[in-house]
Amino acid sequence: MRAKLLAVVTVLSAFFASEAAGQVPFQPTTPDMESLDIGTSTSEIAITSDFRGADLTIFGALTNTDALLLAIGQYDVVVTLEGPRDEATVRHKERLFGIWVNRNSMTFERMPQSYSLASTRPLDEITAQQALVDLGLGVDHMPLTPTGYFQSAANLAEFREAFRRLKQTSGLYQSDTGGVRFVSASLFKATLKLPANIPDGVHMVRAYLFKSGEFLAQRELPLRVIKTGIEDSITRAAHDQPLSYGVLAVLLALITGWSASLMFRRD
């Protein structure tokens, strides 16, 4: 009896100590929680001189699912491909004395340079808007956080909309609300389109699992996009030897202009 009482006191002491330290007490995990695993058709994309874009295939499997809910379509999957993050500046031009000049600009913190999304159905049919905002899912729900000072909320909304429009027009931001489909009871396949102007660097493939509108699990994998051939040589020269690269570019422009003047000279 004394040993049992001592054990209870020890457990209670550990519980209150963890709360005082701001820690969450240990909670056993549910072994049959639904989850998913993913894989990609390739782990590296090579950009060559004739690169015109490509399709990336993601395969996945759901585990520990409810057969009835799966049969009636209560499970949804969203797959995204995020490019390397960097600050993005949007400029507003105005006509001044007949000349278009940049008057205002706004810079957003660490935005993906490219973004592709595929889902089993439209996002607003999968889950609530607040869940999409919390996860940053979809072009319309990305956390576009400005750096520095901005004049007003209307001004911020205008620049956010301009950023989305420019990215979508260039093809760097795109979505396909039918790009994910189940090929069997628990296996799915997603196809993401990579634009011809996709930036090089490490991209992240992410898959999100929802059940009846509730977010359950997330998985991610890296994808490398690299330049090869003459494009890679030019990029390395521009970054590693900027002075030599600039001098060579000027000399090449002079030689090209001089050669063109000789070829098209009128005697």
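Arg160 is found in helix α5, which covers residues 153-170; helices here are DSSP runs of H or I with at least four residues, strands are runs of E with at least two, and both are numbered from the N terminus. The model is a predicted one, in which local features need pLDDT of at least 70, side-chain atom pairs count only at pLDDT 80 or more, and totals for chains, interfaces and linings use all residues. Residues are numbered from 1 along each chain as its sequence is written, and side-chain values use heavy atoms, with hydrogens and water left out.

With a relative accessibility of 28%, Arg160 counts as partly exposed. On this scale, buried means under 20% relative accessible area, exposed means over 50%, and partly exposed lies in between (1.4 Å probe, protein chains only). Not counting residues up to four places away in sequence, Arg160 touches Phe108, Leu144 and Pro146, where contact means heavy atoms within 4.5 Å. The C-alpha atoms of Arg160 and Pro146 are separated by 9.1 Å, and the two residues are 14 residues apart along the chain. Helix α5 also holds Leu166, which is exposed at a relative accessible area of 52%. Between the C-alpha atoms of Leu166 and Val90 the separation is 9.0 Å, although these residues are 76 residues apart along the chain.

Of its 267 residues, 30% count as buried. Among contacts with a separation of 6 or more, 70% are between residues 24 or more positions apart. The accessible surface comes to about 17,100 Å², and carbon and sulfur atoms hold 57% of that surface; areas come from the Shrake-Rupley method with a 1.4 Å probe, and for residues only the protein chains shown count as cover.

Leaving aside neighbours within four places in sequence, Ser116 is in contact with Val79, Thr80, Leu81, Gln174, Leu192 and Lys193. To one of these, Lys193, the side chain of Ser116 also makes a polar contact, reaching the backbone oxygen at 3.2 Å. A polar contact is a pair of N or O atoms within 3.5 Å; within protein, one must be able to donate a hydrogen and the other to accept it, and residues adjacent in sequence count only if both atoms are side-chain atoms.

Charged pairs come next. Side chains of opposite charge can pair when their charged atoms come close. With a salt bridge taken as a side-chain nitrogen of Lys or Arg within 4 Å of a carboxyl oxygen of Asp or Glu, the count comes to 7 salt bridges. One of them joins the side chains of Glu34 and Lys211 (2.9 Å, N to O). Glu34 lies in the loop between α1 (2-20) and β1 (35-40) and Lys211 in strand β11 (residues 201-211), so this pair ties together parts that are 177 residues apart in sequence. Glu34 counts as buried, at 9% relative accessibility.

In another salt bridge, the side chains of Arg121 and Asp76 meet at 2.8 Å, N to O. This pair links distant parts of the chain, 45 residues apart, with Arg121 in the loop between β7 and α3 (123-126) and Asp76 in strand β4 (residues 75-82). Arg121 is partly exposed at 29% relative accessibility, whereas Asp76 is buried, with a relative accessible area of 3%.

Arg206 and Glu220 form a further salt bridge through their side chains (3.0 Å, N to O). Here Arg206 in strand β11 and Glu220 in strand β12 (residues 214-227) are 14 residues apart. Arg206 counts as buried at 16% relative accessibility, while Glu220 is partly exposed at 41%. Both belong to a network of salt bridges that links Glu82, Arg85, Arg206 and Glu220.

Finally, the unreviewed UniProt entry carries the annotation "transmembrane region" for residues 243-264; its positions are in the numbering used here, feature names are shortened, and annotations may be inferred rather than shown by experiment. This span is 95% helix and 0% strand, and its end C-alpha atoms lie 32 Å apart. Leu254 is found in helix α7 (residues 242-263) and counts as exposed at 57% relative accessibility. Together with Leu243, Val247, Val250, Leu251 and Ile255, Leu254 forms a nonpolar surface patch with about 610 Å² of accessible area. Patches are made of residues with over 30% relative accessible area and no salt bridge, joining like charges within 9 Å and nonpolar side chains (Val, Leu, Ile, Met, Phe, Trp, Tyr) within 5 Å.
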